Amino acid sequence: MSILAIDYGIKKTGLAISYYGQGVRPLGVYDTNDLINKIHAIFKREQVKVVVIGQIDSKIGKHFNEFIKRIKNINIKFHFIDETGTTKVILESNSTVHSKRNRKVDDLSACLILENFLESK
């Protein structure tokens with residue numbers, strides 16, 4: 001069983017995965033507009049049974065809700081958790097990442113979202 005984490009953004013979205021709750025690894029940062037088919041392919045290839053999505057602030061809520069409608073799958077459980085501050089934590093904890101412009105950190109934020117979810121279980 002795989003668990004997929006999503007750090008959603010209007011322009012780019014980070015993904016991370018865990019197999020059987022053992023370890024977490026980033027899957028990359030993708031253009032959000034081209035993400036739907038990619039996510040459905042990951043669902044199938046990785047046998048995803050659970051999706052953990054960082055709950056976002058209201059300023060992008062309309063885009064977020066539309067995205068969720070497009071990826072919902074009846075055979076997959078969806079969990080929403082607070083993602084407040086995940087990108088900031090990544091930027092502060094990684095001395096090689098000085099700004100989001102220098103390194104796409106959304107996949108690392110997705111890792112942190114997934115780690116937080118697994119620790120809460």
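Below we chat about confidence, strands and charged pairs.

User: What is the mean pLDDT of the protein chain?

Analyst: This is a predicted model, and the mean pLDDT of its protein chain is 84, with 81% of the residues reaching 70 or more.

User: And where is confidence lowest, and where highest?

Analyst: Helix 3 (residues 86–93) is lowest, at a mean of 63, while strand 1 (residues 2–7) is highest, at 95. Where pLDDT is low, the predicted coordinates should not be read in detail.

User: Good to know. On to the strands: in which sense do strand 1 and strand 2 pair?

Analyst: They pair in the antiparallel sense, over six bridges. Ile 3, for example, has Ser 18 in strand 2 as its bridge partner. The two strands form a hairpin, with four residues between them.

User: How many bridges join strand 2 to strand 3?

Analyst: Seven, and those two strands also run antiparallel. Tyr 19 stands opposite Gln 22 in strand 3. Here the hairpin has two residues between its strands, and Tyr 20 in the turn has a positive phi of about 55°.

User: So is strand 2 largely enclosed or open?

Analyst: Largely enclosed by the rest of the structure, because six of the eight residues of strand 2 (residues 12–19) are buried.

User: Changing topic: how many salt bridges are there?

Analyst: The count comes to two. In one of them, Lys 12 pairs with Asp 106, and the closest N and O atoms are 2.8 Å apart. That pair links distant parts of the chain, since Lys 12 is in strand 2 and Asp 106 is in helix 4 (residues 106–120), 94 residues apart.

User: Are those two partners buried or exposed?

Analyst: Lys 12 is partly exposed, with a relative accessible area of 25%. Asp 106 has 5% relative accessibility, so it counts as buried, the cut-off for that being under 20%.

User: Which side chains meet in the other salt bridge?

Analyst: Those of Arg 45 and Glu 46, at 3.1 Å, N to O. Glu 46 is buried, with a relative accessible area of 15%.

User: One last thing: where does Asp 34 lie?

Analyst: Asp 34 is in the loop between strand 3 (22–31) and helix 1 (35–45). At 58% relative accessibility, it counts as exposed.

User: And how far apart are Asp 34 and Lys 12?

Analyst: They are 9.4 Å apart in space, C-alpha to C-alpha, and 22 residues apart in sequence.

Notes
Residues are numbered from 1 along each chain as its sequence is written. This is a predicted model: local features need pLDDT of at least 70, side-chain atom pairs count only at pLDDT 80 or more; totals for chains, interfaces and linings use all residues. Side-chain values use heavy atoms; hydrogens and water are left out. pLDDT is the predictor's confidence in each residue, from 0 to 100. Buried means under 20% relative accessible area, exposed over 50%, partly exposed in between (1.4 Å probe, protein chains only). Two strands pair if DSSP finds at least two bridges between them. A salt bridge is a side-chain nitrogen of Lys or Arg within 4 Å of a carboxyl oxygen of Asp or Glu.
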